[in-house]
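Reader: I'd like to go through the aromatic contacts in this one. Can you take me through them?

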Amino acid sequence: MTTTTTKAGGSRTRRATTAKAQRSGDLARPTARKAKWNDLDVRAVDTVRVLAADAVQKVGNGHPGTAMSLAPAAYLLFQNVMTHDPSDPTWLGRDRFVLSCGHSSLTQYIQLYLSGYGLELKDLKSLRTWGSLTPGHPEVHHTPGVEITTGPLGSGLASAVGMAMAQRRQRGLLDPDAKAGQSPFDHHVWVMASDGDLMEGVASEASSLAGHQELGNLTVVYDANQISIEDDTDISFSEDVAKRYESYGWEVVDIDWRRSNDPAGTADYVEDVDSLLTALNASKKSSRPTLIRLHTVIAWPAPTKKGTGKSHGSALGDEEIAALKELLGFDPKKTFEVDKDVLAHARKVKARGKAAHKEWNKGYSAWRRANKDAAALLDRLVAGDLPEGLDAALPIFPADEKGIASRAASGKVLAALAPVMPELWGGSADLAESNNTTMAGEPSFIPKGKQTSEWKGGPYGRTLHFGIRENGMGMILNGIALEGLTRPYGGTFLVFSDYMRPAVRLAAIQQLPVTFVWTHDSIGLGEDGPTHQPIEHLASLRAMPGLDVVRPADANETSAAWGAVLRNARPAALALSRQPLPTIDRSTHAKASNVAKGGYVLVDGGDDGKQAPEVILVATGSEVSVALDARLALEKSGVRTRVVSMPCREWFEEQSKSYRDKVLPPAVRARVSVEAGVAQGWREVVGDAGRSISIEHFGASADAKTLFTEFGFTPEAVVKAAKDSIKAAKASGGVSDPLETAPRRSKDTGTDVPTTKKPARKSAAKAGK
């Protein structure tokens, strides 16, 4: 494998007769003969630079430098390289553009403005202000032409890997036999990334998988400007990124405009656009993903702040901007100056986009005529409709005291959905057998040359293998969902949702129909001990806006939960058990279809299960069976007891007040929550007289039965809490400690007992002697 190096330089583009540019003779013009740029194109690129400087200066904060130095690269992509139609931003045949360095949002906004996506000068003037179409970081579903919300560095690049994977899967679903480049479903994913993106671990996770998957439909332009907020990245970042990506299996092209290790470059800095164009076009034909390392000077050609950290995240200042404008031939007294002929020239890309769209329609129409079943499937996917047979496909499990783990039930649900819902696909972060995320008999999504004896498949397969890359998996799932036609899911242990949290948060922000399958959901996982036993996770995930956290009580609730998750089409997390859970007898208890309401009366008081309650037990997941056993004991002692299964707090809160009051009557103040996690969040359900059976410390290594007994998740503990709550409800102003019945933090688990003596610490001076 080799690395190609191209030095800047060469002949300069001839001036067009209509040129208005009066650039300083000290500034080299871009080398852009192959790109066929004229003076209007050069003026347009320089306009990008001054608009970026003006926009940040006006609002008083932001990131001008990268938008200035990437101006020619971004303009080249939008004007010469990408297949897109600004008049139809959601065109199915478009390429995807991902600005992974989302802090440089102006890099994208100004191109959307110049290309005619609907942004106008007033929008650039409103950068980073309330209600504008130009927020601080690009936001999908908010600004036309923005495909993804980016900001946390590395996340955009990682999600772009998901987009590229989804494109291949979609082609396999709809047009698998077409020759390369001849399907209406062939398109490319283009990424602009920064030094910061390449430092983030999630980018490494996803890039490693992209190379393994041989994603030739993915190109990353890495802006190696060698500057971050702390100035020269040599202070913290000295690895050879090109060699790293070569080892991942990427094609790597090195284009050096800067020709110096000094971030400020040299006096003869030349933007060799033609070399970049050659590399971009070549990447379209590659069988592997491509990294183009582009060495630029941040904020070029600002006289004193180019190549500095101060231009990265701060306004340049009036004097610097005035000097910049003089160099580029703009009036230093004017702001947001855009020549009419420059804008008209740049917006010719709209006509080119419409023409490309029209030509695409010919092939698309021919495909529809020849593939009527696939066309019908596509129509359903584009509309976001679920298959007609979904509800019938969801399995129903017979009552069984021994039961089945909810993770195993989930696996059976996926197997049942496989033939009905071809757009549903996913896998695990190397825990397929533990998470039960593999659809029975479905091939792996893998290049044919990388099949193993255990896993067979091909490039259009359905079973995903993320390796031990949880955060990368989450970001890739987001990218798959953003691509638009398929429904992804991914699994790991619930405790490792911590690794995924940035991706989950972005899924929630973007409201993506991603399903996170998190198994081993409590201390019930047993012997692996406190490092693997979730304690605070359910509460912390419920604290995240826009995420549905679903913890089903048995196999039938698991089946119903999958149905509800797919119907809702928004971010959801399934928290599933390792240990078997009794399958509740639905002939004597409420139907599992009530799961879609988030919380429901599973059984009421009295011998017939229909009497008004004196106390309400609210439980989730594996603790529902504990609550049911406690109810039997309470009923024997004459206490009418209602059990409420509440698999999803978010869904329950969406129900009408009348329904919520019916399930949890305000007059019944005696309540107990039962969940093998922290009590945080349950006070609002159980109220001032309520009690919470919870765990407020880390777990221990033992079998599940022992742990549940030792940590107080027993019918006896629930009965005591219920009687205490009844007394508190009767007493005037009886308000208890929320954790009164929870195991104390001082509980001896054998692993969380503090040492009696702090370890001795030598001073740095002594240690160095």
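Author: What follows covers ring pairs and charges over rings in this predicted model.

Reader: How many aromatic pairs are there?

Author: The count comes to 16 aromatic pairs. One of them is W360 with Y364, which is stacked, at 4.7 Å centre to centre and 10 degrees between the planes.

Reader: Where do W360 and Y364 lie?

Author: Both are in helix α13, residues 349-370. They are four residues apart, about one turn of the helix.

Reader: Is W360 buried or exposed? And Y364, buried or exposed?

Author: W360 has a relative accessible area of 15%, so it is buried, the cut-off being under 20%. Y364 is at 17% relative accessibility and therefore also counts as buried.

Reader: Which rings are linked into a cluster?

Author: W91, F185, W360, Y364 and W367 are, through ring pairs.

Reader: Now charges. Which ring does R43 lie over?

Author: R43 lies over the face of F330, 3.6 Å from the ring centre.

Reader: And what does the charged end of R649 sit over?

Author: The ring of W682, at 4.7 Å from its centre.

Conventions:
Residues numbered from 1 in each chain as written. Predicted model: local features only at pLDDT ≥ 70, side-chain atom pairs only at ≥ 80, totals over all residues. Heavy atoms only, no water. Phe/Tyr/Trp six-rings, centres within 6.5 Å; stacked < 30°, edge-to-face > 60°. Helix = DSSP H or I, 4+ residues; strand = E, 2+ residues; numbered from the N terminus. Buried < 20%, exposed > 50% of the residue type's maximum accessible area, 1.4 Å probe, protein only. Lys NZ or Arg CZ within 6 Å of the ring centre and 35° of its normal.
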